[in-house]
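Trainee: Please take one part of this model and go through it closely. I would like a single connected account.

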Amino acid sequence: VTVSELCQAMAASRESLRLRFVKALGHSPKKEIERIRCQYLTKRLLETEDTLETIAIDHGFAGPDEICRYVKRQTGKTPGQIRKDQSHR
């Protein structure tokens, strides 16, 4: 999902949509999309043994390096650290 697709679906301008999101959630639509996307990626990392290559392809990333950078930027941890932390619980 992109911000443009949300605007279309809600018949709202980008600015109108941004204002609604900031009022309701305290951040932009793009931040919310990234939060949810990262939530799905983290869940997949924790619930499967799929390779980063497979997860990257399934979620629209160019490859494992890109997904690693994305997850690290969003969570402060690498995909490997996320899996390792879960296995110690």
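Mentor: The model is a predicted one. Pro 29 counts as buried because its relative accessible area is 4%, and the cut-off for buried is under 20%. Leaving aside residues up to four places away in sequence, Pro 29 has contacts with Val 3, Leu 6, Leu 17, Arg 18 and Phe 21. Arg 83, by comparison, is 54 residues from Pro 29 in sequence, and the two C-alpha atoms are 28 Å apart.

Glu 34 is also placed in helix α3. Glu 34 is buried but forms no salt bridge. The nearest side chain of opposite charge belongs to Lys 30, at 4.1 Å, while a salt bridge needs the nitrogen and the carboxyl oxygen within 4 Å. Beyond four places in sequence, Glu 34 touches Tyr 70 and Gln 74.

Tyr 70 leads on to the largest nonpolar core, which has 10 residues. Among them are Cys 38, Leu 41, Leu 45, Ile 55, Ile 67 and Tyr 70. Helix α3 is one of the elements that give two or more residues to this core, and the others are α4 (52-58) and α5 (64-75). In soluble globular proteins, nonpolar side chains tend to be buried together.

How values were computed. Residues are numbered from 1 along each chain as its sequence is written. This is a predicted model: local features need pLDDT of at least 70, side-chain atom pairs count only at pLDDT 80 or more; totals for chains, interfaces and linings use all residues. Side-chain values use heavy atoms; hydrogens and water are left out. Buried means under 20% relative accessible area, exposed over 50%, partly exposed in between (1.4 Å probe, protein chains only). Contact means heavy atoms within 4.5 Å. A nonpolar core is a set of buried Ala, Val, Leu, Ile, Met, Phe, Trp, Tyr and Cys residues joined through side-chain atoms within 4.5 Å. Helices (H or I, at least four residues) and strands (E, at least two) are DSSP runs, numbered from the N terminus. Lys and Arg count as positive and Asp and Glu as negative; His and the chain ends are not counted.
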